[in-house]
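Here is a short briefing on a single structure. It is grouped by topic, for quick reading beside the coordinates.

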Amino acid sequence: MDGAAVLLVDDDELWVRARERGFRGMGYTVRAASSVAGALAAAQERPPDLVVVDVRLGSECGIDL
C-alpha cells in the first residue's frame, strides 16, 4: 500500500528534489509540479493528502492555487 500522498509545487527544481527525497524517506508518495496547471492536473490524477506550495511560481501565484 502506498503512503500518504504529498504534492510539492515549486518552480525551483533543486528545492523540490531535496524535499522529494525527504518525504519519500519517511514513506510518503510524492508528486511534483512547477506550475498551477501542473499542480491541478496532478491533484486530479491522485488527490494529495498534503500540498506544499511556493507563493511565487514564476509569473503565477501559489496562493491562487
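In which helix do E20 and R17 both lie, and how many residues apart are they? Both lie in helix α1, 3 residues apart, about one turn of the helix. Bear in mind that this is a predicted model.

**Salt bridges**
- The count comes to 4 salt bridges.
- E20 and R17 join their side chains in a salt bridge at 2.6 Å, N to O.
- E20 also meets R24 in a salt bridge, at 3.9 Å, N to O. That distance counts because the cut-off for a salt bridge is 4 Å.
- E20 and R24 both sit in helix α1, 4 residues apart, again about one turn.
- E20 is buried, at 9% relative accessibility.
- R31 and E45 form a salt bridge at 2.8 Å, N to O. This pair links distant parts of the chain: R31 belongs to strand β2 and E45 to helix α2 (residues 36-45), 14 residues apart.
- R31 is partly exposed, at 28% relative accessibility, whereas E45 is exposed, at 60%.
- Shared partners join E13, R17, E20 and R24 into one salt-bridge network.

- Strand β1 (residues 5-9) pairs with strand β2 (residues 29-33) in the parallel sense, over 5 bridges.
- Within this pairing, V6 stands opposite V30 in β2.
- From β1 the chain crosses through helix α1 (residues 13-25) to β2. This β-α-β crossover is right-handed.
- V9 is in strand β1. V9 is buried, at 0% relative accessibility.

**Aromatic pair**
- A search of the whole structure finds 1 aromatic pair. The rings of F23 and Y28 have centres 5.5 Å apart and planes at 85°, so the pair is edge-to-face.
- F23 is buried, at 16% relative accessible area. Y28 is partly exposed, at 33%.

**Nonpolar surface patch**
- L40, V51, V53 and L65 make a nonpolar surface patch of about 280 Å².
- L65 is located in the segment after β5 (60-61). L65 is partly exposed, with a relative accessible area of 33%.

How values were computed:
Residues numbered from 1 in each chain as written. Predicted model: local features only at pLDDT ≥ 70, side-chain atom pairs only at ≥ 80, totals over all residues. Heavy atoms only, no water. Phe/Tyr/Trp six-rings, centres within 6.5 Å; stacked < 30°, edge-to-face > 60°. Buried < 20%, exposed > 50% of the residue type's maximum accessible area, 1.4 Å probe, protein only. Patch = residues over 30% accessible without salt bridge, like charges linked within 9 Å, V, L, I, M, F, W, Y side chains within 5 Å. Areas by Shrake-Rupley, 256 points an atom, 1.4 Å probe, with all protein chains shown as cover. Helix = DSSP H or I, 4+ residues; strand = E, 2+ residues; numbered from the N terminus. Pairing = 2+ DSSP bridges. Right-handed = clockwise from strand over helix to strand, strands pointing away.
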